[in-house]
Amino acid sequence: MARFAPLIGIFIGFIQSLSWLLLKYFNWPNISIALICFAISVVITGGLHIDGLMDTADGIGAGPSKRIEAMRDSRVGAIGVQSLIIILILQIAAIMKLDLLAPYAFPLSAFWGRLSQIFAIENYEYIFKKESLSFHHEQWKGISKEIRPSFIILSIGIIFFLYLTNLNISNTLLLLYCIFSGLITSILIPHLINKCLGGHSGDSYGAGLVITETINLLLLSIILVPK
């Protein structure tokens, strides 16, 4: 299932993009459109990744001795709520700065966010492995196989970009910035979470997704809208 997550992310991103364009056509203010696009992602995923973000934040904030207990607690702590507010503010800020370029950024950030899960599953231990293996680890076929759909999608995206634009230095640099910024964050965020937790869980996969997605929206807002 994990191997197709980036494709699902692109699909969700396209829904956000279409929503942005539709609401923009009816002259909705940018802040309202940004909030609705954020809400669309949460509703489609059932809030699963946001829940993982808050549980992971609570676990990191609780310290090593109470980390597992805090992550398993169905109640949300103060740090978990703060993490949600920070992510919401950062995403809204990035989306508003992107403005008309936001429809391009939604699928890209959603793709890289879900690619981070593949790196997390491949490279880091499952926190609760003594009790049971995660579903993803049980079905895992190795990153060389799991990443193939993502590689195909990325290749198609690059070809499509080159088809629509002139191959000059500016466009080439833009393409490289988008690829490397997304790839680096997809690898780095799971690594940092692993350093904090000493492994990964279903919650931390979701947290890594949300954080990677948010950082990529911010980076794209800087890359695509430099001024």
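Which residues in α3 meet which residues in α5?

## Basis

The model is predicted: local features need pLDDT of at least 70, side-chain atom pairs count only at pLDDT 80 or more, and totals for chains, interfaces and linings use all residues. Residues are numbered from 1 along each chain as its sequence is written, and side-chain values use heavy atoms, with hydrogens and water left out.

## Helices α3 and α5

On the α3 side the residues are Ile50, Leu53, Met54, Ala57, Asp58 and Gly61, and they meet Ala78, Ile79, Gly80, Ser83, Leu84 and Ile87 in α5. Contact means heavy atoms within 4.5 Å. By class, this contact has eight nonpolar, three polar and one charged residues. Ala, Val, Leu, Ile, Met, Phe, Trp, Tyr, Cys and Pro count as nonpolar, Asp, Glu, Lys and Arg as charged, and the others, Gly among them, as polar. Helices are DSSP runs (H or I, at least four residues) numbered from the N terminus.

The axes of α3 and α5 (residues 78-98) come within 7 Å and cross at roughly 130 degrees. Axes are lines fitted to C-alpha atoms, for helices over the stretch in contact, and angles run from 0 to 180 degrees between N-to-C directions. The two helices are therefore oblique to each other; angles under 35 degrees count as roughly parallel, over 145 as roughly antiparallel, 65 to 115 as roughly perpendicular and the rest as oblique. The crossing of α3 and α5 is right-handed, that is, the near helix is turned clockwise from the far one by less than a right angle.

## Helix α6 and its partners

Helix α6 (residues 102-123) packs with α10 (residues 169-197) at an angle of about 45 degrees, with the axes 8 Å apart. This pair is therefore oblique, and its crossing is right-handed. From α6, Trp112, Leu115, Ser116, Phe119 and Ala120 meet Cys178, Ile179, Gly182, Leu183, Ser186, Ile187 and Pro190 in α10. Nine of these contact residues are nonpolar, three are polar and none is charged.

With α9, helix α6 packs at about 155 degrees and an axis separation of 11 Å. The two are therefore roughly antiparallel, and their crossing is left-handed. Phe111, Trp112, Leu115 and Ile118 of α6 make the contact with Ser150, Ile153 and Leu154 of α9. The classes here are six nonpolar, one polar and no charged residues.

## Largest pocket

The largest pocket has a volume of about 1,000 Å³. On a 1 Å grid over the protein atoms alone, a pocket is an open set of points with protein on both sides within 12 Å along at least five of seven lines, a cavity is a set where a 1.4 Å probe fits but cannot get out, and lining residues have an atom within 4 Å of a point. Grid points are joined across faces, edges and corners, and a volume is the space filled by probe spheres set on the points.

Of the 27 lining residues of the largest pocket, Tyr104, Leu108, Gly157, Phe160 and Phe161 are the closest to its centre. Helices α1 (5-25), α6, α9 (148-164) and α10 each supply at least two lining residues, and the largest share, eight residues, comes from α9. The pocket lining has 23 nonpolar, four polar and no charged residues.

## Largest cavity

One cavity of 30 Å³ or more is found in a search of the whole structure. The largest cavity holds about 140 Å³ of space. Its lining has 16 residues, and the closest to its centre are Phe38, Ser41, Gln91, Val210 and Glu213. Two or more lining residues come from each of α2 (30-44), α3 (48-62), α6 and α11 (202-224). The cavity lining divides into eight nonpolar, six polar and two charged residues.
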